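User: I'm new to this one and would like to learn how to read it feature by feature. Could you walk me through it?

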Amino acid sequence: MKRTILPLLCLLAIFFIPSNAAAQTDYTYKNKSLPIETRVQDLLGRMTLEEKAGQLNQLSGGVLTGPQAANDPGQKDKLVQLRAGKVGSLLNVLGAQQTCAVQKIAVEESRLGIPLLFAYDVIHGYKTIFPIPLAEACTWEPAMAEKAASIAAKEASSAGLHWTFAPMMDLTRDPRWGRVMEGSGEDPLINSVFAAARVRGFQGNFDNQHLLACVKHFGGAYGASEAGKEYNTVDVSRYAFWNTYAPPYKAAVDAGAATLMNGFNIFDGIPSSSNKFLVTDVLKNRWGFKGFLVSDWASFREIITHGQAEDRAEAAMKAILAGSEMDMESRVIIENLPQLVKDGKVPLSMVDAAVSKILYWKFKLGLFDDPYSYCDEKKEAATLMAPAHLDAARDAARKSMVLLKNDNKTLPFSKSAKNVLVAGLFADSQDDALDFWCAQGQAKDVVTYRKGIANLLPKASISYAQGYEANGKTTAKLLADVNKKAGSADVIVAVIGITGKLAGEARSLADLSPAPGQMEMLRTLKATGKPFVVVVHASRPMVLTEVEKLAPAILNAWIGGTRMGDGAADILFGDYNPSAKTVISFPVAVGQIPVYYNAYNTGRPHRDGDEGPDDFWVSRYRDIPGSPLYPFGFGLSYTSFEYGEIAVKSIGTQTEPKYEASISVKNTGNREGEEIVQFYLRDPVASYVRPVKELKAFDKVSLKSGESKTVKFTVDKDMLSYFDENGNKVLEPGKFEFFVGGNSRDVKKAEVRW
Ligand code: BGC
């Protein structure tokens with residue numbers, strides 16, 4: 001009955017609706033007062049298959065207007081596609097002026113006027129550059145990373161951007177991998193808390209001061225690229241996936257990340273972009289991810305190169321059927337999707353679901369109501385490099401630099417030093433300061449180490465000696481200059497490391513030792529007998545074994561961003577008491593990699609610190625020590641801390657374990673300082689072998705000289721359990737070991753039995 005009456009009623013309605021009301025229904029999706037879902041469905045109903053495929057197509061834009069673009073066939077073609085509604089998003093279109101101009105074309109010259117999403121890699125700042133993400137994580141202060149991300153978002157959104165491809169949550173244990181700088185080190189908990197903090201910082205409340213975040217790269221375990229070689233094979237167990245690599249992604253999804261990116265790598269033999277297990281089973285079904293996915297650059301097309309699809313149509317089909325969505329720069333979707341749907345190879349429902357989600361975010365950001373609300377040139381000029389942003393960058397820089405060695409209290413140097421020698425090319429090279437992922441940060445804006453020291457000590461005479469060449473070699477002349485200037489210096493700051501140009505994607509390195517010329521410079525300085533500190537400027541833990549032997553003090557400055565020199569100067573001359581602790585182990589030699597604290601015991605474990613002849617039939621190399629040079633969680637302060645014993649109280653029940661572990665921490669030095677108190681756990685006997693230690697909680701406490709505080713950790717059943725290879729949580733009764741300390745090696749221990 002209903003079936004016959006309904007069409008009739010509709011027909012009658014059409015006749016009786018006045019013509020202006022008909023026009024209104026035409027534009028339902030433009031009606032602000034309707035719920036987003038209604039607007040999305042209305043718009044979807046008006047779109048052709050080609051336009052739907054267009055929403056799934058993301059191109060790298062560059063400059064699309066102006067005389068140069070007008071003469072570039074590639075750029076002209078992009079505009080043709082834009083006008084035809086065949087582009088849903090552009091990356092690498094920058095600046096308020098340019099994004100406004102291009103948005104105008106999409107909105108005014110395409111049939112449905114669907115606005116574009118502008119995306120960019122805003123990784124650790126847009127114009128004001130913060131320390132690399134790895135360094136920020138060494139603060140163990142997620143709130144700081146959240147603030148840095150919100151400042152980055154404020155700057156980038158003022159320049160017309162809506163969406164950043166960050167944060168990267170690829171846990172890695174391999175500093176050879178160039179992208180180690182983009183993540184938060186070797187620990188699942190640290191990666192997770194920083195993932196969530198950055199998502200919150202970037203996204204805020206989805207207004208025009210923020211950006212959509214994109215958690216990347218969901219390749220299951222992109223950070224486990226074999227041998228740290230970029231774009232290499234990943235082959236990890238499901239057990240490792242669930243326990244080690246997946247938690248940071250899950251944390252970011254739980255924090256409400258709007259988008260997520262596929263990885264380049266294979267997982268379980270299947271490219272991430274066409275991997276149904278990752279994309280649909282885990283991400284969408286299990287974790288309930290409601291945002292949309294974007295491929296990595298051309299990763300849909302690379303399904304062919306991996307050897308899982310014969311041609312572009314098959315690659316597109318496999319990506320979409322797996323549940324992947326937007327295609328970054330492969331163009332296989334725009335070329336093939338309509339036909340695949342017509343041929344019945346891809347269900348229209350999957351396309352509609354993907355397109356609806358992308359449209360949802362465009363509505364949510366208000367782009368249909370005001371497509372130009374992000375691109376305001378005045379706002380952009382007032383926002384980029386605002387003084388408050390630069391101050392925050394300086395604070396982040398000093399909070400993230402790790403003091404690795406400080407024999408005989410070499411540091412801090414006195415601020416009344418009259419003659420300071422700053423040695424080493426990287427001490428004053430803006431060109432080597434920033435990394436590949438520095439967005440719109442400019443070398444000319446970087447405060448170098450030399451400049452930072454000069455700023456802090458306006459009355460001192462600061463001399464500079466280059467020490468080594470850009471190629472890592474030195475010359476007799478450069479060394480003689482170092483020697484001469486060292487002679488008249490009260491204190492010396494020697495900067496070594498790896499140029500920022502070798503930090504980031506496609507920048508894997510096989511050798512992590514300081515260059516020979518850098519070592520010669522250090523030996524020359526050592527021979528003068530003058531007090532000196534080595535500042536390490538590098539985006540990854542280097543092999544500092546030789547440096548450690550000859551330097552009295554080492555400050556690992558990472559790549560500290562726009563205000564790196566000010567941040568380092570604050571530490572070197574005592575204005576700031578260092579508090580950072582490394583979130584990745586420093587290897588003794590490259591051959592020791594991967595070396596990480598949360599390893600399994602093996603059947604023949606090497607014991608930390610035991611390097612003697614009896615340590616033979618154990619899992620280690622014979623020619624180097626078994627332990628890392630500096631363990632996970634390590635970092636010194638200008639004061640010292642003493643830990644009491646762990647007191648454990650059961651606050652749970654027989655069916656549900658819960659404990660409170662407390663410990664007193666005392667500042668035994670003579671200045672105020674911050675200590676990062678770390679809580680580790682071990683489940684020594686379980687159905688699946690568990691790591692020798694796992695970080696489960698931490699607290700950063702500030703203590704005045706002589707002050708003590710009791711730090712408490714609540715250990716719940718979630719912390720005591722782990723995942724099996726199917727991703728199910730396992731909680732088993734028995735013994736658990738708790739450890740608390742200022743790093744993963746030097747800890748106090750307690751045991752409980754549940
Ligand atoms: C990288 C991504 C990045 C994308 C866009 C790719 O090569 O792997 O991390 O977001 O390019 O620039």
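User: Is M385 buried, partly exposed or exposed, and how do I tell?

Analyst: Buried means under 20% relative accessible area, exposed means over 50%, and partly exposed is in between (1.4 Å probe, protein chains only). M385 counts as partly exposed, at 22% relative accessibility. M385 also has a positive phi of about 55°, although it is not a glycine. You'll find M385 in the loop between α17 (377-383) and α18 (387-400); helices (H or I, at least four residues) and strands (E, at least two) are DSSP runs, numbered from the N terminus.

User: What should I know about where these values come from?

Analyst: This is a predicted model, where local features need pLDDT of at least 70 and side-chain atom pairs count only at pLDDT 80 or more, while totals for chains, interfaces and linings use all residues. Residues are numbered from 1 along each chain as its sequence is written, and side-chain values use heavy atoms, with hydrogens and water left out.

User: Where does Y231 lie, and what is its phi?

Analyst: Y231 lies in the loop between β5 and α11 (238-254). Its phi is near 65°, a positive value in a residue other than glycine. Y231 is partly exposed, with a relative accessible area of 42%.

User: Which residues are closest to the ligand?

Analyst: A residue is near a molecule if one of its heavy atoms lies within 4 Å of it. Here 13 residues surround the ligand, and the closest are D121, R179, H217, D296 and E505.

User: How do I read polar contacts there?

Analyst: Look for a pair of N or O atoms within 3.5 Å. A polar side-chain atom of D121 is 2.5 Å from a ligand oxygen, and for R179 that distance is 2.8 Å. An N or O atom in the side chain of D296 lies 2.7 Å from an oxygen of the ligand. The protein covers 93% of the 310 Å² of accessible area that the ligand has on its own, by the Shrake-Rupley method with a 1.4 Å probe.

User: Which residues of α14 are buried?

Analyst: In α14 (residues 312-322), the buried ones are A315, A316, M317, A319, I320 and A322. After α14 comes G323, with a positive phi near 110°.

Note on methods: A polar contact is a pair of N or O atoms within 3.5 Å; within protein, one must be able to donate a hydrogen and the other to accept it, and residues adjacent in sequence count only if both atoms are side-chain atoms.
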